[in-house]
Amino acid sequence: MNTDIFDEFESEVQSYARSFPVVFERAEGCYLYDTDGKQYLDFLAGAGTLNYGHNHPVLKKALLSHIEENGITHGLDLHTSAKQKFLENLQSLILEPRGLNYVVQFTGPTGTNAVEAALKLARNVTGRHNIISFTNGFHGVSLGAMAATGNSHHREASGIPLTGVTTVPFDGYMGDSLDTAALLEQMIDDPSSGVDHPAAIIVETVQGEGGLNAASEKWLQQVDRICHERDILLIVDDIQAGCGRTGTFFSFEPAGIKPDIVTMSKSLSGFGLPFAVVLIRPELDQWKPGEHNGTFRGNNHAFTTAAQTIETFWSDDRFQQHIGERARQMQSGLEKIVRNAPQGMLKLKGRGMMQGIECPDGEMASAVSRAAFARDMIIETSGSEDQVVKCLCPLIISEAELSTGLQILAEAFNEVIARKYSKAS
Ligand SMILES: *Cc1c(COP(=O)(O)O)cnc(C)c1O
């Protein structure tokens, strides 16, 4: 397979392509196909953008008929029937049944755009500049969002100081011995802690890029209370953990909290189309017209597939049950891999369909990813040292497909562990 044009002509900034150096041509459901027609099981799924798989027939049909009827493609922020349908479905099938009251801001169509808007709004509404974010958090790579991102690999590329954010330890950062919510509360209340009273706290309930660290419900409730009692806004960045990935539409539902602001993107369109929104508690919607904008904030193709996605998957609880079943299957498969490895070597991470296995180092995790690729499976790593092998397969995956994926993963781990030991002896 010839990849010369990518090697010679595309910027060195490419990353995922380095792990899977083939040319992909088609995709359907949980599978990608290269130009030789070879099939790969996709456990990366657009880094969580393809929760409903590739080219889902119902979503594809909705998009094709929208185009066929000369439906609007680009609409800035004009009222369109596609946007109307999306808003109606979001309100009646997602927000109302969950007792959530938000207005919707359409931003430029990437996650980092939504995060920028959320931080900007929080600062303007409160008149404070500081934002609290957490160790290993990832919120995007534009300057404001990157200031709230922990990863030094990304931060070092900024070229200018990243300011306006205080980073504090996430749940479990120091193991079970330290209650990091209590520490957070103490630091906010101590006038000499050096932490400026924040406009907002931004948090992922499960840190996707940061290594599948899952916050406990209790910890999230503590953070929510700390915010409430002190007039600090709570922003949940649900860009990766949302849209069903952890088992419920919003990842914060099991904790029973109602964030002030929620950022959504990745799987929101359902079809892999660029799309991002900020959900805002109505009293906080103090934007002046056009104060924040973005040429591509009216991606009507994404509105069309997003509206259809909500209707198809979220109008009753069948899909949620399916995710629960697959999540349990994933967990028991991964637990078996951990059990079969030398005691203490591997650790299960994450929750829902956002689980993975932590290796002792990034080298081992990337060897596992390579061994899986040799078995025609696409799977990536995350975490501060890229040490976590991360299962992000489409949520629509069948029992048999998931079982195949877990089997491949088990073989990949076996191979890498065996190699490690043969080298050691
Ligand atoms: C991917 C991601 C972002 C950034 O989204 P982009 O579309 O890459 O800008 C922000 N927050 C979280 C939690 C993410 O997973």
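In this predicted model, helix α5 meets helix α11 through Ala82, Lys83, Lys85, Phe86, Asn89, Leu90, Leu93 and Ile94 on the α5 side, and through Asn300, Phe303, Thr304, Ala306, Ala307, Ile310, Glu311 and Trp314 on the α11 side. By class, the residues of this contact comprise ten nonpolar, three polar and three charged. Two packed helices are described by the angle between their axes and the distance between the axes, and the points below begin with those values.

**Packing of α5 with α11**

- The axes of α5, which covers residues 81-95, and α11, which covers residues 300-314, come within 8 Å of each other and cross at roughly 30°; because of that angle, α5 counts as roughly parallel to α11.
- The handedness of the crossing between α5 and α11 is left-handed.

**Packing of α9 with α10**

- Helix α9 (residues 180-189) packs with helix α10 (residues 217-229) at an angle of about 15°, and their axes lie 9 Å apart, so α9 is roughly parallel to α10.
- The crossing of α9 and α10 is right-handed, and the contact is formed by Thr180, Ala181, Leu184, Glu185 and Ile188 of α9 together with Trp219, Gln222, Val223, Arg225, Ile226 and Glu229 of α10.
- Sorted by class, the residues in the contact of α9 with α10 are six nonpolar, two polar and three charged.

**The second largest pocket**

- Two or more lining residues each come from β7 (173-176), α9, β10 (213-214), α10 and β14 (347-351), with α10 giving the largest share, five residues.
- The lining of the second largest pocket is made up of ten nonpolar, 14 polar and nine charged residues.

**The cavity**

- The structure contains one cavity of 30 Å³ or more, and the largest cavity has a volume of about 30 Å³.
- The residues that line the largest cavity are Tyr52, Cys243, Phe249, Ser267, Leu268, Thr309, Ile310 and Trp314, and by class they are six nonpolar, two polar and no charged.
- Ile310 and Trp314, which belong to this lining, are also among the residues of α11 that meet α5.

How values were computed
Residues numbered from 1 in each chain as written. Predicted model: local features only at pLDDT ≥ 70, side-chain atom pairs only at ≥ 80, totals over all residues. Heavy atoms only, no water. Axes fitted to C-alpha atoms, helices over the stretch in contact; angles between N-to-C directions. Helix = DSSP H or I, 4+ residues; strand = E, 2+ residues; numbered from the N terminus. Parallel < 35°, antiparallel > 145°, perpendicular 65-115°, else oblique. Left-handed = near helix turned anticlockwise from the far one by under 90°. Contact = heavy atoms within 4.5 Å. Nonpolar A, V, L, I, M, F, W, Y, C, P; charged D, E, K, R; others polar. 1 Å grid on protein atoms, 1.4 Å probe; cavity = no way out; pocket = protein on both sides within 12 Å on 5 of 7 lines; lining within 4 Å. Points joined across faces, edges and corners; volume = space filled by probe spheres on them.
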